[in-house]
Amino acid sequence: MSTYDVILSPVITEKATKLSDANQVVFRVTKDATKPAIKKAVEELFKVKVTAVNTLRTKGKIKVFRGRRYETSETKKAVVTLAEGFQIDVT
């Protein structure tokens with residue numbers, strides 16, 4: 001898996017922006033990405049030192065809008081903790 005294939009996009013929400021105070025950044029990643037692969041990709045792409053990677057998966061849900069059913073897609077996010085002195089500006 002290539003470095004560019006692991007990380008899909010940064011997550012820019014109020015909660016993810018608040019995590020930047022704790023030196024953490026949130027990324028959407030592919031479903032089959034592992035923690036070592038995510039760490040390697042972030043270090044290579046942004047030239048930073050990563051101390052920890054936490055991942056979470058959200059299952060797709062069935063929703064109803066105007067009487068029509070649809071299913072939201074499954075996603076995987078990675079919360080990357082950076083070493084002191086390093087910073088990523090995703091905005």
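Which residue in β6 is the bridge partner of Val53? In β6, that partner is Val80. Before we go on, a word on the model: it is predicted, local features need pLDDT of at least 70, side-chain atom pairs count only at pLDDT 80 or more, and totals for chains, interfaces and linings use all residues. Residues are numbered from 1 along each chain as its sequence is written, and side-chain values use heavy atoms, leaving out hydrogens and water.

Let's start with the sheet. Strands here are DSSP runs of E with at least two residues, and helices are runs of H or I with at least four, numbered from the N terminus. Two strands pair if DSSP finds at least two bridges between them. Antiparallel β3 and β6 are joined by 8 bridges. The open sheet holds 4 strands, in the order β1-β2-β6-β3, with antiparallel pairing. At its edges lie β1 (7–10) and β3, each pairing on one side only. From one strand to the next, the twist averages 30 degrees. Helix α3 (residues 35–46) packs on this sheet and touches β1, β2 (24–29), β3 and β6, its direction making about 125 degrees with that of β3. For such angles, axes are lines fitted to C-alpha atoms, for helices over the stretch in contact (heavy atoms within 4.5 Å), and angles run from 0 to 180 degrees between N-to-C directions.

Now look at β3 again. Arg57 and Glu74 meet through their side chains in a salt bridge (3.8 Å, N to O), meaning a side-chain nitrogen of Lys or Arg within 4 Å of a carboxyl oxygen of Asp or Glu. Arg57 sits in β3 (residues 50–58) and Glu74 in the loop between β5 (68–71) and β6 (75–82), so the pair ties together parts 17 residues apart in sequence.
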